[in-house]
Amino acid sequence: MLRNGLEPWHLLIVAIVVIVLFGSKKLPDTARSLGRSMRILKSEAKALKEEGSTDAAPGEQPRPATPVDTL
């Protein structure tokens, strides 16, 4: 059904719709802010990964989470 769902002319239509919706003046700012967000996300993920590897000492088992009683 969707074997060749994304054709080049589909991308052209999407690009035209984006330009019409956001305007040509806002597109560079939007792309810039998206790039900044991606860099922040990447650095946070790297920091989280490094933090996770330093938390568990070699040979030490992580403690299981304690169940929370709900009322």
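Leu21 has its place in helix 1. The model discussed here is predicted.

Q: What makes Leu21 count as exposed?
A: The relative accessibility of Leu21 is 64%. Exposed requires a value over 50%, and therefore Leu21 counts as exposed.

Q: Which nonpolar residues make a surface patch together with Leu21?
A: The patch is made by Trp9, Ile13, Val17, Leu21 and Phe22. Its area is about 540 Å².

Q: How do you know that Asp29 and Arg32 meet in a salt bridge?
A: The distance between their side chains, N to O, is 2.8 Å. A salt bridge requires a side-chain nitrogen of Lys or Arg within 4 Å of a carboxyl oxygen of Asp or Glu, so the pair Asp29 and Arg32 qualifies. A search of the whole structure finds 1 salt bridge.

Q: Where do Asp29 and Arg32 lie?
A: Both residues belong to helix 1, which covers residues 8–55. They are 3 residues apart, about one turn of the helix.

Q: Why is Asp29 called partly exposed?
A: Asp29 has 46% relative accessibility. Buried means under 20% and exposed over 50%, with partly exposed in between; Asp29 therefore counts as partly exposed.

Q: Why does Arg32 count as partly exposed?
A: At 45% relative accessibility, Arg32 falls between the cut-offs of 20% and 50%, so Arg32 is partly exposed.

Q: What percentage of the residues of the chain count as buried?
A: Of the 71 residues, 0% count as buried. The chain has 1 helix and 0 strands.

Notes:
Residues are numbered from 1 along each chain as its sequence is written. This is a predicted model: local features need pLDDT of at least 70, side-chain atom pairs count only at pLDDT 80 or more; totals for chains, interfaces and linings use all residues. Side-chain values use heavy atoms; hydrogens and water are left out. Helices (H or I, at least four residues) and strands (E, at least two) are DSSP runs, numbered from the N terminus. Buried means under 20% relative accessible area, exposed over 50%, partly exposed in between (1.4 Å probe, protein chains only). Patches are made of residues with over 30% relative accessible area and no salt bridge: like charges are joined within 9 Å, nonpolar side chains (Val, Leu, Ile, Met, Phe, Trp, Tyr) within 5 Å. Accessible areas come from the Shrake-Rupley method with a 1.4 Å probe; for residues, only the protein chains shown count as cover.
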